[in-house]
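The sequence and the model are shown first.

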Amino acid sequence: MTASLAPIAALLTSVAILLMGNGLQGTLLPLRANSAGFSAADIGILGGAYFAGFILGCLLGPRLVRRVGHIRTYVAMSAMATAVVLLHSLFVEAVAWWPLRAFTGFAFAVLAMTIESWLNERATNRNRGTIMSIYTVLNLTVITLGQQLVNLYSPAGFPLFVLAAILISLAALPVALTAAPAPAPLGTVRLRLPYLFRLSPVAFASALAVGLGNGAFWSLGPVFAVKQGASVQEATLFMSAAVLGGAALQWPLGWLSDRIDRRKVIVGAAAGAAIAALAIAVFSQGFGVGDLVFVALFGGFAFPVYAVSVAHMNDFVAADAFVEASSGLLLIYGVGAVIGPI
């Protein structure tokens with residue numbers, strides 16, 4: 001395990017700092033928008049704008065990586081995301097925040113594509129599921145930590161925007177200063193969705209389904225909890241239980257997918273998530289401990305599916321096509337995440 005992680009230690013450190021800042025920003029913006037008097041529609045458009053930018057990033061990101069390389073792309077997108085956080089604090093208007101949120105979505109799509117393609121180049125078919133699972137566990141854990149940073153200052157003030165900007169900017173340092181070799185330069189980069197579908201219909205369909213299901217959950221989960229009688233704090237706990245469940249089962253499912261057919265792990269995890277979701281819907285009679293147990297099981301099974309799907313896709317692509325595979329699956333996930341909440 002140590003030998004597998006050593007070449008990507010700097011990247012994973014950078015990812016942890018980056019996603020902590022993004023977790024803080026993702027929680028801060030709706031709270032600040034609400035206190036500033038944004039309407040529900042205004043706040044809803046923010047989510048759509050983010051994923052519109054995300055989809056655009058999936059389309060244009062491969063060309064950017066081909067032109068300047070992984071490291072420069074990562075540093076540039078970190079700088080863009082940092083500037084956008086600060087601009088949110090300077091122009092607290094819905095019409096200004098919509099394009100800014102789209103820029104954030106674009107930057108983080110390119111960052112995610114760069115990270116995942118880098119990880120897959122360093123992985124082998126024997127450890128790819130484990131490495132992607134460690135990445136996802138890290139993702140879920142640090143986003144949760146970032147969300148808790150909101151409690152340090154008032155969302156109506158400037159300090160939380162500064163803190164988020166500091167974290168996102170610092171994330172560029174480990175990658176910029178790493179002595180580990182960068183991924184090989186890309187040749188011609190194309191985004192061929194039919195080609196990716198032919199390589200792995202399972203990964204393609206799974207990415208879309210995960211976007212549909214998890215996108216709806218992230219948007220509507222807190223609303224469901226409140227409608228069941230939960231307080232704001234309990235609704236937050238409801239969402240945190242799902243994240244912690246996802247973090248707990250991510251590594252075991254990734255480890256298992258390295259040892260048996262990944263498709264069986266995807267099907268099993270999807271079935272577990274569906275059963276847990278149905279249990280929440282059928283047995284919830286007012287908010288209680290049962291909801292927390294079932295939502296933790298839902299997160300535990302649903303959240304790892306994307307990482308295992310990425311690993312399955314990259315088992316079949318050529319070494320110079322990891323960026324194409326990563327951007328393609330992120331694009332499909334983004335489309336699902338836009339449609340799911342609707």
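## Basis of the description

Axes are lines fitted to C-alpha atoms, for helices over the stretch in contact, and the angles between N-to-C directions run from 0 to 180 degrees. The model is a predicted one.

## Helices α10 and α13

Helix α10 (residues 201-227) packs with helix α13 (residues 289-302) at an angle of about 170°, and the two axes are 13 Å apart. An angle over 145 degrees counts as roughly antiparallel, and α10 and α13 are therefore roughly antiparallel to each other. The crossing in which α10 passes α13 is left-handed.

On the α10 side, the contact is made by Asn214, Phe217 and Phe224; on the α13 side, by Asp291, Val295, Phe298 and Ala302. By class, the residues of this contact are five nonpolar, one polar and one charged.

## Helices α2 and α7

Helix α2 (residues 9-35) and helix α7 (residues 159-170) have axes 8 Å apart and pack at an angle of about 155°. This pair is therefore roughly antiparallel as well, and the crossing of α2 and α7 is left-handed.

From α2, the residues that meet α7 are Ile17, Leu18, Met20, Gly21, Asn22, Leu24, Gln25, Leu28, Leu29 and Arg32; their partners in α7 are Leu160, Phe161, Leu163, Ala164, Leu167, Ile168 and Leu170. The contact of α2 with α7 comprises 13 nonpolar residues, three polar and one charged.

## Helices α3 and α15

Helix α3 (residues 40-68) packs with α15 at an angle of about 170°, with the axes 8 Å apart. The two helices are therefore roughly antiparallel to each other.

In α3, Phe51, Phe54, Ile55, Cys58, Leu59, Pro62 and Val65 take part; they meet Val323, Ser327, Leu330, Leu331, Gly334, Val335, Ala337 and Val338 in α15. The residues of this contact include 13 nonpolar and two polar, with no charged residue.

Helix α15 (residues 322-339) has 18 residues, which should span 26 Å at 1.5 Å a residue. The C-alpha atoms at its ends are 26 Å apart, in agreement with that expectation.

Is α15 largely enclosed or largely open? Of its 18 residues, 15 are buried, so α15 is largely enclosed by the rest of the structure. Buried here means under 20% relative accessible area.

Key:
Residues are numbered from 1 along each chain as its sequence is written. This is a predicted model: local features need pLDDT of at least 70, side-chain atom pairs count only at pLDDT 80 or more; totals for chains, interfaces and linings use all residues. Side-chain values use heavy atoms; hydrogens and water are left out. Helices (H or I, at least four residues) and strands (E, at least two) are DSSP runs, numbered from the N terminus. Angles under 35 degrees count as roughly parallel, over 145 as roughly antiparallel, 65 to 115 as roughly perpendicular and the rest as oblique. A crossing is left-handed if the near helix is turned anticlockwise from the far one by less than a right angle, and right-handed if clockwise. Contact means heavy atoms within 4.5 Å. Ala, Val, Leu, Ile, Met, Phe, Trp, Tyr, Cys and Pro count as nonpolar, Asp, Glu, Lys and Arg as charged, and the others, Gly among them, as polar. The expected span of a helix is 1.5 Å times one less than its number of residues. Buried means under 20% relative accessible area, exposed over 50%, partly exposed in between (1.4 Å probe, protein chains only).
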